[in-house]
Amino acid sequence: MGNKILKDFSHCSNCPAFNKSVFKGLENVDLDKISDIKSVNHYKKGQDLFLENAPSNALYCIAEGNIKLSKMSKDGKETIVRIASKSGLVGHRSVFSDGGPYRASATCLSESYACLIEKVDILRLVENSAGLAMSFLKRISKDLELSENRFANFSHFNVRERVAALLLYLKNHFGEEEATGILLNIKLTRDEMASLIGVAKESLIRCFAELKDEEILLTDSKLLVVLDVDKLKDILSL
C-alpha cells in the first residue's frame, strides 16, 4: 500500500489534499517544478518530522494524517500549539523567517504521509513565482489569524468553556457521523487535549465526566463521541 500511495502522490495534482493545499490554483509549470523537487515520505505514529530548535531546512505539506506542533518548556512540560492535518503545512513559518531554527516540534499523531520540500528549493521557487509567493502569504496570514483568535477566546474562557470549545473544534475538523453521535476520529491523549486548551489533565477528565453525566459526551476507552452538539454550543452561548 505504501508504494502505491507514494506513487500516487508523486505529482501535486494527484495528491488527495491538493484541492485545499497552498498549491491549488498555481500554473501547471509551477506545479511541475514543485513535484520535481519534493520528496514524499511515510511516517509512523509518534515519529518526528522535525524538532524544536533544530535548523529549519525544509517545509512539509501533509497529504494524509495528523501532525501536532508542540513546544517544550524549561521544566520539560509540553504545550501543543497547533494540530495540522490533510492539506496543512508545517515548518513553513520557520523556513520563511530570517534563517532561524524550527520554533516547535512536529510529531505524527497517526500514520502520515507528507511531502518534504527543501528550504533552498522552495525559496528559489517563491522568488520566481508571484502566484506561489501570494499563496504562502495567504496561508501564513490565515494561520496567524487562527492562532490569535484561539488565544483571544481561551484567555477569558473557564475550564468548562475551554473543553466545550475543544470538542467543537475536534468535531468540525475530525468528526464522523455515527448512529450514536459524532465520533471524534483523532487519537489524542488526555494530556495532549489538556495541553491544547491550557488546563490541567485532572480538570479535563473531571469535565468529561460531567459532560458524560449530562449526556452530551460519550467516553469509551480512548474514543470520544459527541452526543449533543447544541448543548455544547450552549456552554459557549453560541
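I take helices (H or I, at least four residues) and strands (E, at least two) as DSSP runs, numbered from the N terminus. My model is predicted: local features need pLDDT of at least 70, side-chain atom pairs count only at pLDDT 80 or more, and totals for chains, interfaces and linings use all residues. I number residues from 1 along each chain as its sequence is written, and side-chain values use heavy atoms, with hydrogens and water left out.

**Entry 1: L51**

I looked up L51 first. Where does L51 lie? I found L51 in the loop between β2 (48–50) and β3 (58–64). I call a residue buried under 20% relative accessible area, exposed over 50%, and partly exposed in between (1.4 Å probe, protein chains only). L51 has a relative accessible area of 46%, so I noted it as partly exposed. Next I listed its contacts (heavy atoms within 4.5 Å). Leaving aside neighbours within four places in sequence, L51 touches Y102, A104 and S105. I also checked L51 against V81. They are 30 residues apart in sequence and 14 Å apart in space, C-alpha to C-alpha.

**Entry 2: helix α2**

I turned to α2, residues 28–37. Which residues of α2 are buried? I wrote down D30, L31, I34 and S35. They cover an arc of only 135 degrees around the axis, so they sit on the same side of α2. The arc is taken from the directions from the helix axis to the C-beta atoms.

**Entry 3: cysteines**

I searched for disulfides (a pair of cysteine sulfur atoms within 2.5 Å). The count is 0. C15 is buried at 13% relative accessible area, and C115 is buried at 6%.

**Entry 4: nonpolar cores**

I define a nonpolar core as a set of buried Ala, Val, Leu, Ile, Met, Phe, Trp, Tyr and Cys residues joined through side-chain atoms within 4.5 Å. The largest has 33 residues, and L167 and L204 have the most contacts inside it. Several elements supply at least two residues each, among them β5 (78–84), α7 (190–197) and α8 (201–213). Which element gives the most? I found α6, with 8 residues. L167, leaving aside neighbours within four places in sequence, is in contact with L184, F208, L211, L217, L224 and L232. I then found a second, separate core of 24 residues. It includes A17, L31, C115 and V126.
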